[in-house]
Amino acid sequence: MRALKAAVAAALSLGLASAGATLAPAAAAQSTPASAARSTDATALRYEASGENAAANKAFFDAVMASVAKKRAANPGAAAVTVTYNASGAPTFRQQIASSTSIWNSSVRNVKLQEAAGTADFRYREGNDPRGSYASTDGRGHGYIFLDYRQNQQYYSLRVVAHETGHVLGLPDHYSGPCSELMSGGGPGTSCRNTQPNQAERSRVDQIWARGLASALKPTG
């Protein structure tokens, strides 16, 4: 099975930075039988709309905030909160992660995303999961964003990454929203290619992190 995956990945390489990756998104989609793909899609939709997903998003944001708060004492005068991430676990999506970071950093003022080589406030991971892409924690208080290969082939990949990164900043899912709303995610369908948060989403993030800044400055123990 491992040899087969390697052969398929080599034949269908996307040409993105993939050192350390197991299977490229195109290969994952190509090798999925139609019946299994339909089952995966249904599972992803159920999970996205579930209370389990909402709870995982909240736990993820709480973990990021706790990590940031521990660092604020060292630099209490900063105008914006800096949230660091490690992208080494998602080499296939390095370009999308960098672009998503630029989108959010140019959209909001009270929080900034910054890549870190080692320890970070959260991490990106990649792989195959019937639940699709999501934000969660590892059970030890560390947050991560998981990027699913098939979903990133089915939907516009940069939108998927920017949407999941919105959870870092405290925004919930709103799948009933229009394509112009980034946190509507896959709700508007696979043709939606908007990667920019709308004005309401930008304002909400700045409001959250204005309070987050004050919260982070409080003594932690």
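**Notebook: salt bridges**

I began with arginine 94, which is partly exposed at a relative accessible area of 33%. I note that the model I am reading is predicted.

Entry 1. I looked for the partner of arginine 94 and found a salt bridge with glutamate 115, with 2.8 Å between the closest N and O atoms. I then located the two residues: arginine 94 lies in helix α5 (residues 94-105) and glutamate 115 in strand β2 (residues 111-115). The pair is 21 residues apart and links distant parts of the chain. I recorded glutamate 115 as partly exposed, with a relative accessible area of 40%.

Entry 2. I turned to aspartate 206 and arginine 109, whose side chains meet in a salt bridge at 3.3 Å, N to O. This pair also links distant parts of the chain, since I found aspartate 206 in helix α8 (residues 199-216) and arginine 109 in the loop between α5 and β2, 97 residues apart. Arginine 109 is exposed, because its 60% is over 50%.

Entry 3. I examined aspartate 129 and arginine 131, and their side chains meet in a salt bridge of 3.0 Å, N to O. Aspartate 129 is buried, with a relative accessible area of 13%, whereas arginine 131 counts as partly exposed at 27%.

Entry 4. How many salt bridges did I count? The count comes to three.

Notes
Residues numbered from 1 in each chain as written. Predicted model: local features only at pLDDT ≥ 70, side-chain atom pairs only at ≥ 80, totals over all residues. Heavy atoms only, no water. Salt bridge = Lys/Arg side-chain N within 4 Å of Asp/Glu carboxyl O. Helix = DSSP H or I, 4+ residues; strand = E, 2+ residues; numbered from the N terminus. Buried < 20%, exposed > 50% of the residue type's maximum accessible area, 1.4 Å probe, protein only.
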